[in-house]
Amino acid sequence: MDNEKGFGVVDNCVFAGTLIISAVIGLYISCKGSKSPEEFLMGNRSLKPLPVSLSLITSYVSAMITIGYPGEVYANGLQISTVALGCPLAIIFSSYFLLPVLHSLKLTSINEYIELRFKSKRLRFVIFLLSMVKVLAANGIVLYAPTIPLSYVTNLSTLNSIFILGIICTLYSSFGGVKAVIWTDVFQFSVIIIGLMTVVGVGCAQNGGVIETLYIASEGGRLEMFNMSLSPFVRHTFLNTVAFGFFYQLRMYSSEQINIQRICAVKSVKNARRKVLKMQIASIPSEAIIIRQNICFNMISLIQ
């Protein structure tokens, strides 16, 4: 492997440090906690809105987004970014119409609501099985996606990367419970934001500045964002991307276990609503950073 494309000593230290810190957070919280089921699963329902909001953002900005968005923007332009306009609508709808119901029931699992609502354990079991199939498939892709660039810049194979990342995530989740997951997400959120902002800064600098980057992107037809076509044969339009953002986020904040468990881990509906609204405000600049990162990556690729 070309040394310029591979990890150096500093890169390997940062990579190893990120994994070690994530594991240490789980072990620390495990030693400090009371080990009760209520604390392990729900954090005694006393977690603060801010760290839980950051955790939700980290769950949303997965490897599929940070790796998939550059390819999508490079191939089809920025129209996909208007999904961000549908997200606030879904979060507001969820926070005012769905959260009060779910939070007041003091649920641990979203499947409990299925049994309470429809009085059927069989339906709850079927929903559980379908959810597990979906989670295993989705998380498999999320776990595999970051191993592709890792195998390119490190000496680790794809299989070894999957084992390392999977074991670290399993360790801090199993030992520390939901508190470890949330505080590890807060740490990882900081790493993601610093990394994305660094990429944006370096990319624009190498490309001659922000204006030059946008000019090249415009010349390449990458900046169209308001295609108002009603044709179902157009890949991305303003209307279908906004609708996609609405229904995708509505599903996340009304039926996804990882989000419902975090939302129900705060003290009151007011705190839960404040948390998801903070998520709404913070998710838009996060997506904007990803889009700017994509432009820089794509324009640098074109120039090189």
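Tutor: Let's start with a term: a helix here is a DSSP run of H or I with at least four residues, numbered from the N terminus. This is a predicted model, and in it Ser94 is found in helix H5, residues 83-104.

Student: Does Ser94 count as buried or exposed, and what makes it so?

Tutor: Buried means under 20% relative accessible area. Ser94 has 2% relative accessibility, so Ser94 counts as buried.

Student: Which residues does Ser94 touch, not counting those up to four places away in sequence?

Tutor: Ser94 touches Leu99, Leu250, Tyr253 and Ser254, each with heavy atoms within 4.5 Å, because that is what contact means.

Student: What does UniProt say about residues 83-102?

Tutor: The unreviewed UniProt entry lists residues 83-102 under "transmembrane region", along with others including 157-175. In the model, residues 83-102 are 100% helix and 0% strand, with end C-alpha atoms 26 Å apart. Residues 157-175 are 95% helix and 0% strand, and there the end C-alpha atoms are 27 Å apart.

Student: Happy with that! Now, why is H6 called roughly antiparallel to H7?

Tutor: The axes of H6 (residues 110-118) and H7 (residues 121-144) come within 8 Å and cross at roughly 150°. Angles over 145 degrees count as roughly antiparallel, and therefore H6 is roughly antiparallel to H7. The crossing is right-handed.

Student: Which residues meet there?

Tutor: From H6, Asn111, Glu112, Ile114, Glu115 and Phe118 meet Lys121, Leu123, Arg124, Ile127, Phe128 and Ser131 of H7. By class, this contact has five nonpolar, two polar and four charged residues.

Definitions and conventions
Residues numbered from 1 in each chain as written. Predicted model: local features only at pLDDT ≥ 70, side-chain atom pairs only at ≥ 80, totals over all residues. Heavy atoms only, no water. Axes fitted to C-alpha atoms, helices over the stretch in contact; angles between N-to-C directions. Helix = DSSP H or I, 4+ residues; strand = E, 2+ residues; numbered from the N terminus. Parallel < 35°, antiparallel > 145°, perpendicular 65-115°, else oblique. Left-handed = near helix turned anticlockwise from the far one by under 90°. Nonpolar A, V, L, I, M, F, W, Y, C, P; charged D, E, K, R; others polar. Buried < 20%, exposed > 50% of the residue type's maximum accessible area, 1.4 Å probe, protein only. UniProt positions renumbered as here; feature names shortened; annotations may be inferred.
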